[in-house]
Amino acid sequence: MLRFVLRRLALTVPVLLGLSILLFLWLRALPGDPARALLGQRATPESIANVTRLYGFDEPLYEQYFSYIGALLQGNFGSSTQTGEPVTAMFRQGFPATFELAVCALLFAVLLGIPLGYYAARRHGTPLDSLTVGASLLGVVIPVFFLAYLLKLVFAIGIEPLDGLGVFPTAGRQNPRIGATHPTGFYILDGLLTREWDAAWDAFLHLVLPAVALGTIPLAIIVRITRAAVLDVTGEDFVRTAEAKGLTSSTISRRHVLRNALLPVVTTVGLQAGLLLSGAVLTETVFAINGLGSKLFSAITLLDYPVLQGFILAIALMYALINLTVDVLYGVIDPRVRVS
Amino acid sequence: MHRSRSIRAAALLGAAALALAGCADSDREDASGGGTEGEGSSGAEGGTFVFAASADPVSLDPAFASDGETFRVARQMFEGLVGTEPGTADPAPLLATEWEGSDDGLSYTFTLRDDVTFHDGEPFNAEAVCANFDRWYNWTGLLQSENISYYYNSLFRGFADTDPQGIYESCTADEETSATITLTQPFAGFVQAMSLPAFSMQSPAAMEQYDADNVSGTEDDVRFSEYATAHPTGTGPFQFESWERGQQVTLVPYEEYWGDQAKVDEVVVRTISDGNARRQALQNGEIDGYDLVAPGDISSLEDAGFQIENRPPFNILYLGMNQAVPELKDIRVRQAIAHAIDKDAVISQSLPEGSEVATQFIPETVSGYADDVTTYDYDPERAKSLLAEAGASDLTLQFNYPTGVSRPYMPTPEETFVAIRSQLEAVGITVTPVADQWNPNYLDKIQGTPDHGLHLLGWTGDYNDTDNFLGVFFGKASPEWGFDNAELFGALTEARGLPTRDEQTPAYEDINREVMDFLPGVPIAHPVPSLAFAPEVEGFQTSPVQDEVWNAVTVSE
């Protein structure tokens, strides 16, 4: 097992290196002059030339790449050309918001999706099943942006005649008037650590709508995958055998059906967890959460190379780690995988 | 077996949660303690004023900034030698009670207030003034980059180790409360320029302690110093409390402020980049006010009982006509386009209510505004005959406009484009729309290449200086306009070099007349920028140049 994990970790190194080269070239192939992006409307030909020279945008690409990768190997990701803030600090500062959001969205999707899919399958052909299938189809096709906006309109702002439903906040991560303490940057955790219960509760309320908006697509997919997998397993011989042996139906469900059906579900959850990071861009914009997503978005529009490179590499690394975790989990769930 | 394992896990989790809870200290008591103290000593009304900004400040040191969001925060903490008369762009005493320029326009003596201290307790005096001027002049390396020190670069045009060294010569502390700045060339806008937040007075002691100019300078790795990120120290009514990047800046009143004490206990500037999200946060009571209200939101906000405050417009929205396009080189075609545009209709279709029609490239409040420039009234028939005369009845033109941007002078460029396009088509001009993302693509194309026809652009003035409008647009040949008019360029260079305002004003009036005869573009409007506030907010004084300090703001709960 340890050897497997180490080998997989070693494999991510060439992957990340390749990605860094591609990313480096791709970003510089984007239209637009980075010096102009820095200067905006006030740019003059002289100031553009001056900034280009000072920032070294005119040096040969390979030289720029080697100086970048050289610094990177010493753990220096550079700093934002826009704000001068170190990329690592920006990442650390945006990460808690996005992590909280992604975890809540994933919890929402998993904790609701697996039971829903399971019961839909167990009551195959009933109206509950059809309803779940229909609703999950709707969940897959609805754009995150639209859903986020809709949720906000109904459950935060409140529209006639459902004014009473507008109980959630519309923007941000916490009400600044609460004056909460933030030792870690994870606001819910901060509230618990410092026993500022109201602050934790307020942070949680701020997360509800964004998490639902972001978690809806994964939820719908998880429901469908779980349902299909459970249906599949229910028809297997070993389930019939278990039934014939006279095991109680709850034991069959837990030990035989669910456990076997979980394999494809875990794969899906792993993939979705990675996708949540990209979905977060839109959700963060609508709910004014200044996490990794919104930082990435503004970095793209302003051609902030160091931020884009650093963030995308870090996200790729996280993605790789999540998938590694999923592979390890296979072994835990299914002893057959462990052997090979 | 299974059950016992899950019970064990639950127990472990519970124990962990218990262990975690209370393992970090809440610093809440301190915060509220500070607040009540402020209330006691100053008789303040108290409460927190929460304002939503569209972006984070770039840094907390205004000397390194040229953007409105950095300045918004800086105005609360810092003050310059010169301020502005409330509600206007005219200079007014601030840290200097009076000033006198020499006849040759080469030196200015400022008399300083004697009752001012910086937030770190250090006195504000002539030495502090000179320390600030010398600091700017002696910047090296990356600090000379225009994206960092834009204003010093563009107004003083050089540094101690550059050639030329620019127009700053020296600063002398004549007495404790009198400082003289000497220039190498006359600069009539000097006093006005001192009202820019970029030239705020900062505590020399704090700048030294926190290494203000240590922008660690490898080329692709600019970082601001500890001073600029955590210890900004000025003389303003508010002092710095905390900055949570990407989230909010928190300021508290400075108890020893020389002027009117702040009335609220705390100011929070939250970053909410999306315009809709700002509006909704206000509607939901999460913030007390925000800037850059979309024109389409104004009436619904007003109906719901929110206050809308308009800034006197200090900007210009224009339609540029690129003379690198052969047809547009013909003055008759340019005149035809000017006559084809119904500015009132453009305003009612795409700009906020109260926006004024523009007759020239500067707003009326800027000196040098001429009442008698040539105007081009809306007259589609005239436009058609002018086009026929120029042999351009069958004219096809590229029309460039930006997307994904909202500027005070151009809140909804797409809608403005639609309005003008239909007017041009009404006189028989075929329009080929070309849309680009604002920065850098659109700006790159318009300001850096000849590849455009008609385009929408504008400008918001930084301070009351005509050159800040006309010089920026027409100071020299540029790909934006595609013409080479030595007479105009010469007149602008000459006007800029005149030593006093009184001499400049008639020169700029002449230039405005000349520009409107030459007609490089069509000035469309001076759009009114709007702010929105909750009903409880009082005492917010708007300013055309955004010199808005919040010490008079109250929020009744």
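Student: Which residues have the most contacts inside the largest nonpolar core?

Tutor: Good place to start, and do keep in mind that this is a predicted model. A nonpolar core is a set of buried nonpolar residues joined through C-beta atoms within 7 Å. Here the largest one has 224 residues, and those with the most contacts inside it are A:L101, A:A105 and A:I222, together with B:L81, B:I316, B:I337 and B:L470. Helix α9 of chain A, residues 197-234, gives this core its largest share, 18 residues.

Student: What is B:L81 in contact with, leaving aside its neighbours within four places in sequence?

Tutor: Its partners are B:L94, B:L95, B:A96, B:F110, B:V129, B:M194 and B:M201.

Student: And is B:F240 buried or exposed?

Tutor: For that, count the other C-beta atoms within 10 Å; 20 or more means buried. B:F240 is buried because it has 21 of them. You will find B:F240 in strand β10, residues 238-244 of chain B. Not counting residues up to four places away in sequence, B:F240 touches B:L60, B:M77, B:P232 and B:L251.

Student: What radius of gyration does chain B have, and what would a compact globule have?

Tutor: The idea is to set the chain against a globule with that number of residues. For 557 residues a compact globule would be near 24 Å, so the 26 Å of chain B agrees. The C-alpha trace spans about 90 × 75 × 45 Å along its principal axes.

Student: How many helices and strands are there in chain B?

Tutor: Chain B has 19 helices and 23 strands, and 50% of its 557 residues count as buried.

Note on methods
Residues are numbered from 1 along each chain as its sequence is written. Chains are lettered from A and ligands numbered from 1 in the order in which they are written. This is a predicted model: local features need pLDDT of at least 70, side-chain atom pairs count only at pLDDT 80 or more; totals for chains, interfaces and linings use all residues. Helices (H or I, at least four residues) and strands (E, at least two) are DSSP runs, numbered from the N terminus. The radius of gyration is taken over C-alpha atoms; the globule rule is 2.2 Å times the number of residues to the power 0.38. A residue is buried if 20 or more other C-beta atoms lie within 10 Å of its own, exposed if 12 or fewer, and partly exposed in between; C-beta atoms are placed from the backbone. Two residues are in contact if their C-beta atoms, placed from the backbone, lie within 7 Å.
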